[in-house]
Amino acid sequence: MDEWLFLLETVRSSWDAAGKPSRVTAAVSGGADSVALLQVLHALAETEGFFLAAAHVDHGLRETSAMDAEFVRDMCRQLEVPCQIFRVQVDGKSEDAARTARYEALKAACDAFQAPVLALAHHERDQAETMLLHLFRGSGSGGLSAMAERSWRAFHEAGGVLLWRPFLNVPPEALRRVVTARGIPWREDETNAGDDYLRNYIRHQILPVILERIPKAEQAMSRAAKILSEEDAYFRHEAKRFLDRDENACLLPPCRWVRFAPLLRLHPALRRYVLRISCPVPLDWETTEALTALSPGQKMNLPEGWRASCTREYLHFLPPKHADLSPEPPKPGALISQPWQGETGDGKRMQALPRSIYEQCELRFGQPGDQIHPLGGPGIKSMQDYWVDKKIDQPFRRFMPLLCIGSRVIWAIGAGVGEEARVHPGDDAVLLRYEGFLPFYLLPAPFISTQAK
């Protein structure tokens, strides 16, 4: 099989694995790799019948960048492939800033063409370079797995795009040989010859030395990245299983927490995954390790204004002060009344009350001035003191449902009852069952979740 047919079959197989998308946008810089991608996708689209569009991003950082854009426009016109050209402004020479601007533009092209699969020309050497970049940053298996053949990229606004890299296991030399053999021109980006960017330095100064000594290093690194990607997926799966099990965690507002003792019993590798999934903001290595070292009573700041608070039983993730991250204000659940047959209830989700008391009550969250006379206790307490006695963590208190008459708490649902809840044989009473959100008990759907950030 010649190399053109090899590329065609490689992309066809990758297209099948991606679910045979019916609309695809190709990112085309004008370089040999992206030109090869456009040509192969064009040939495949003709036989398979999917819609193909192209997008080019001009960063305006070189005098010749406008010529690259015109080159791509002309090639797409010859192939009868719809094309959009974007000119973006990038402050300074930051690689991350340029990448972010480029993907924002490419997302706009996908939206315009209604083709949310973005085909990228990353190849085997790009994969090796990415792996080394992440290695030098001290990444774990998630970072060292580098790029995936298919991955979802979300954006600040709703939605995202599927990034599709069908050349990820193809050496770049094969791509250049194919376009050369078929007489297809391409553009050279002269900035790729310099070493200002770290990726270029790795490409020109580090990889050639490695390849001289270990000729098949790039293939080996590509295989290692795939292995690490599968191991990363396994650890993520196990972390989500932990977060789903029993009462280990709650990851949706208004209370976000992980139970501390089960967390500490995990293997350190799995513990890191649990923390990174459960924390609502990205964590680096140092912050992750610092979280596992917290002791009860300690707190620490997290990125984006979030905070962590460790108590005797929980690791809480607290939102920025004055931030409202709930889709709507939380509300107490509901009380279901049942005939009373002598049960007193457990004070958590089931409780008997004299009917005359219950008929005066309202269900709400706490308010300033609330008090309770604990059943069997010597006298009245403020709810602040009551929560301390009951060892209810501070982040939970404002979301504990209360059954009250005025400022007198009759039943602190999930914690205990007041003296007014006392019932005697022969009383006219009701048995109440609470259904709804409780901050630290096994929660009914939809309050328990393990959705990733």
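Author: Start with accessibility: buried means under 20% relative accessible area, exposed means over 50%, and partly exposed is in between (1.4 Å probe, protein chains only).

Author: The model here is predicted, with local features needing pLDDT of at least 70, side-chain atom pairs counting only at pLDDT 80 or more, and totals for chains, interfaces and linings using all residues. Residues are numbered from 1 along each chain as its sequence is written, and side-chain values use heavy atoms, with hydrogens and water left out.

Reader: Why is E304 called exposed?

Author: Its relative accessible area is 60%. The cut-off is over 50%, so E304 qualifies as exposed.

Reader: Where is E304 found, and what is its phi?

Author: E304 is in the loop between strand 9 (299-301) and strand 10 (307-310). Helices (H or I, at least four residues) and strands (E, at least two) are DSSP runs, numbered from the N terminus. The phi of E304 is positive, about 60 degrees, although E304 is not a glycine.

Reader: How do you know that K391 is exposed?

Author: K391 has 56% relative accessible area, so it passes the exposed cut-off. K391 sits in the loop between helix 14 (383-389) and helix 15. Its phi is also positive, about 55 degrees, and K391 is not a glycine.

Reader: How many aromatic pairs does a search of the whole structure find?

Author: The search finds ten. One of them is F235 with Y273, at 5.3 Å centre to centre and 15 degrees between the planes.

Reader: What makes the pair of F235 and Y273 stacked?

Author: Rings of Phe, Tyr and Trp (its six-membered ring) pair if their centres lie within 6.5 Å; planes under 30 degrees apart are stacked, over 60 edge-to-face, and the rest tilted. The centres are 5.3 Å apart, so the rings pair, and the 15 degrees make them stacked.

Reader: Which parts does the pair of F235 and Y273 tie together?

Author: F235 belongs to helix 9 (residues 217-244) and Y273 to helix 11 (residues 268-278). The parts that the pair joins are 38 residues apart in sequence.

Reader: Why is F235 called partly exposed, and why does Y273 count as buried?

Author: F235 has 26%, which falls in between the two cut-offs, so it is partly exposed. Y273 has 12%, so it is buried.

Reader: What makes the pair of W257 and F396 edge-to-face?

Author: The ring centres are 6.4 Å apart, so W257 and F396 pair, and the planes stand at 80 degrees, so the pair is edge-to-face. W257 lies in strand 8 (residues 257-259) and F396 in helix 15 (residues 394-397), 139 residues apart. Both W257 and F396 are buried. Ring pairs also join W257, Y314, F396 and F440 into a cluster.

Reader: How do you know that helix 11 is mostly covered?

Author: Eight of its eleven residues are buried. Among them are L270, V274, L275 and I277. The buried residues of helix 11 pack against several elements, including helix 9, strand 8 and helix 12 (285-292).

Reader: Why is helix 11 called roughly perpendicular to helix 12?

Author: Their axes come within 10 Å and cross at roughly 105 degrees. Axes are lines fitted to C-alpha atoms, for helices over the stretch in contact, and angles run from 0 to 180 degrees between N-to-C directions. Angles under 35 degrees are roughly parallel, over 145 roughly antiparallel, 65 to 115 roughly perpendicular, and the rest oblique. That makes helix 11 roughly perpendicular to helix 12.

Reader: Which residues of helix 11 meet helix 12?

Author: R271, R272, L275 and R276 meet W285, T288, E289, L291 and T292 in helix 12 (contact means heavy atoms within 4.5 Å).

Reader: What is R23 in contact with, leaving aside its neighbours within four places in sequence?

Author: Its contacts include F51, F113 and P116. R23 is in strand 1 (residues 23-27). At 30%, R23 is partly exposed.

Reader: How do you know that R23 lies over the face of F51?

Author: A charge sits over a ring if NZ of Lys or CZ of Arg is within 6 Å of the ring centre and within 35 degrees of the ring normal. R23 is 4.0 Å from the ring centre of F51 and lies over its face. The charged end of R182 sits over the ring of W4, at 3.8 Å from its centre.
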